[in-house]
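Dear colleague,

I am passing on a structure that you have not worked with before, and below it I have set out what was found. Please read the notes with the structure open beside them.

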Amino acid sequence: MDGYGAPTVVDGGAAELALLWGGLPALGAGGGWLLATGAGWVAGLSWAPAQGLFELVAGLPDPQAGIGGLAVGTLGGLLVAAVGTAERLAVTVDTERVRLRRDRADRQVGRRPVRAVFVDGKDLVLLGADDEELVRERSDLSVDRLRDAFRAHGWPWTDGDPHRDAYRRWVPGLPGLPSGADALLRARQRALHADRGGEARELRGELGRTGVVMRDDGRRQYWRLTRSAPRPREDATSAEPEVDGR
């Protein structure tokens, strides 16, 4: 390794794991106990949902109900902790590459093609020489720690998206997109409205192959083109825009 030193690892650390595996089961146990002890009171509220369930819990003998509530709450906390642990992102940076690990996914990107590194909202983004997105990974990692890690190893960190002003709000039928991109954006808009995150990510990749870079603001889509993407004529005829995007 050269003068930049050993690799730097940015993750949630031991404190995050302690919160996940200690705090969440404890909170679940407390919630389960409160549910068991307060079931009779909730069952008496005419407006409360799932009254049948609360009546069933209230009818159990007192020690068994409390123990069952603790057990179910603890199990729920452990399940949430397992999901949270699987979703943790760990970023390892050195002078030659960055490694991104999440659950069973393990991806590496070399330093040479990367033109800019930044955080967009909660997303870590790496741009390539064509201003395309090489990486977009969501995480709750500290922006300061990510910035320090990349800068310490000589990566081109920027404080924000250098192309933020180039994005345009997508409205169906407006000109300016490469051939086929509007249909992909329509499909992606439907996926966003239906909360199909996996499909939306897949369609983002398809759009990237046409030279379209995406960023989302809630369920609103914004787009820009890479340097080499074809620039259609702005005065080309197009369908009447559908403002609601559906």
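The notes that follow cover the nonpolar cores and then the salt bridges.

Please keep in mind that this is a predicted model. Its largest nonpolar core has 20 residues, and those touching the most other members are Val-91, Val-98, Leu-124, Leu-126, Leu-146 and Phe-150. Two or more residues of this core come from each of the strands β2, β3, β5, β6 and β7 and from helix α5. Leaving aside residues up to four places away in sequence, Val-98 is in contact with several residues, including Val-91, Leu-126, Phe-150 and Trp-155.

Asp-120 counts as buried, at 10% relative accessibility, whereas Arg-164, at 45%, counts as partly exposed. Both residues also belong to a network of salt bridges that includes Asp-123, Glu-133 and Arg-136.

In another salt bridge, Asp-140 pairs with Lys-122 at 2.9 Å between the closest N and O atoms. Within helix α6, Arg-186 and Asp-182 lie four residues apart, about one turn of the helix, and their side chains meet in a salt bridge of 2.8 Å, N to O.

With best regards

Methods. Residues are numbered from 1 along each chain as its sequence is written. This is a predicted model: local features need pLDDT of at least 70, side-chain atom pairs count only at pLDDT 80 or more; totals for chains, interfaces and linings use all residues. Side-chain values use heavy atoms; hydrogens and water are left out. A nonpolar core is a set of buried Ala, Val, Leu, Ile, Met, Phe, Trp, Tyr and Cys residues joined through side-chain atoms within 4.5 Å. Buried means under 20% relative accessible area, exposed over 50%, partly exposed in between (1.4 Å probe, protein chains only). Contact means heavy atoms within 4.5 Å. A salt bridge is a side-chain nitrogen of Lys or Arg within 4 Å of a carboxyl oxygen of Asp or Glu.
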